Amino acid sequence: MFDSDAFPARVDKTDVRHVETLTSALRALDYEYGGGACRDACVALLNWANPLLDAGSSGQVLHRLQVAIADLHNLAGWASFDMGLLESAHLHFGRAMSLARASGNSALEANIHYRMGRVHLHYELAEDALASFQRGLPIAQASGSTLAMSILHANEAWAFAKMGAEKQALRQFARAEDEFGRAEGEDAPPWARFFDLADLVSIGGMVHTELARTCDVKYARSAIPMLTRAISSGGEDASRSQSFRLAALAMNYLVQNEAEQAREAGEKAIAVSGPIRSARTRDRMRPLKQEAERLRGNEAADELSARLTTFMAASQGAA
């Protein structure tokens, strides 16, 4: 894909722009089709781009190159995580963190803490996730990015909800909403542009979904309209996020013993997930299947459980 022998004698802004542009395109592929759609290309681009750091360049160009390659490692780590390749994910996040610190880009450094926290959150390590998000908060504050603060506080709320810490979860999500409102008009860097209103509302729905499971089933009633709103606001280029939202929506219907609505939402989640190359989409279906099995004997719940079993078995190779 890239000619490893074709390195410039001196790096200029054109080379940096090349890395930035391709990273943007690869990020779009990840967002819509999953980490499997872009990870190999990320690694190939890194094999070409990393040696540029040792080539001659001016101070300003070197700084921009460090940020660009840190962002690419950040994306490669996220795509690896999405594919279930944890060792690779941690290696890329570590490299991204080193380059972000070397460049002095606090906003990117905070974003890497967020993504590392999401790895822990996915594997039900809520305390480790919370620690990662909280390590990122002072860095985000130092960067001056209110949007970065909002991202971290929203995910902090999610971790608290998984821990059953009701008051802390609601308080931190309220802070995330306030900071998001104040971030309006902020020029978001590429790695943070995913966090729009639909994503904020979606995380709110996830927070309430977890609270319904860990604290009080009443939170399913508030989770459903939040997730429904996020789903209706999500674009066609957000297939993976839509899959997660639909699975969570189905979960809340099951918590309320509304199996027919759960089956409808669950079938949509499966349909959306079909072309996505992501281990996480399969992983997110497991708790949904467990909840459907709780209602064993209900025709709609049994149908949903059977379809989830088929999907998860078929996606083993795809992911």
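Mentor: The largest cavity has a volume of about 50 Å³. Keep in mind that this is a predicted model.

Trainee: What makes a space like this a cavity?

Mentor: A space is called a cavity because a 1.4 Å probe fits there but cannot get out.

Trainee: Which residues line the largest cavity?

Mentor: Its lining is made up of Ala107, Asn111, Ser145, Leu147, Ala148, Pro189, Trp191 and Ala192. Helix H5 (106-122) and helix H7 (146-162) are the elements that give two or more residues to this lining.

Trainee: How do you know how many residues of that lining are nonpolar, polar or charged?

Mentor: Ala, Leu, Pro and Trp count as nonpolar, while Asp, Glu, Lys and Arg count as charged and the others as polar. Sorted like this, the lining of the largest cavity has six nonpolar residues, two polar and no charged.

Trainee: And what lines the second largest cavity?

Mentor: There you find Ala110, Asn111, Tyr114, Ala148, Ile151 and Leu152. H5 and H7 are the elements that give two or more residues to this lining. The lining of the second largest cavity divides into five nonpolar residues, one polar and no charged.

Trainee: Why is glutamate 124 called exposed?

Mentor: Exposed means over 50% relative accessible area. Glutamate 124 has 55% relative accessibility, so it counts as exposed. This residue lies in the loop between H5 and helix H6 (126-143).

Trainee: What makes a set of residues a nonpolar core, and how many residues has the largest one?

Mentor: The members are buried nonpolar residues joined through side-chain atoms within 4.5 Å. The largest such core has 105 residues, and those with the most contacts inside it are Phe195, Val207, Met285 and Leu288. Helix H3 (residues 59-82) gives the most to this core, with twelve residues.

Trainee: Which residues is leucine 288 in contact with?

Mentor: Leaving aside neighbours within four places in sequence, leucine 288 is in contact with Ala247, Ala250, Met251, Leu254, Leu304 and Leu308. In soluble globular proteins, nonpolar side chains tend to be buried together.

Technical notes: Residues numbered from 1 in each chain as written. Predicted model: local features only at pLDDT ≥ 70, side-chain atom pairs only at ≥ 80, totals over all residues. Heavy atoms only, no water. 1 Å grid on protein atoms, 1.4 Å probe; cavity = no way out; pocket = protein on both sides within 12 Å on 5 of 7 lines; lining within 4 Å. Points joined across faces, edges and corners; volume = space filled by probe spheres on them. Helix = DSSP H or I, 4+ residues; strand = E, 2+ residues; numbered from the N terminus. Buried < 20%, exposed > 50% of the residue type's maximum accessible area, 1.4 Å probe, protein only. Contact = heavy atoms within 4.5 Å.
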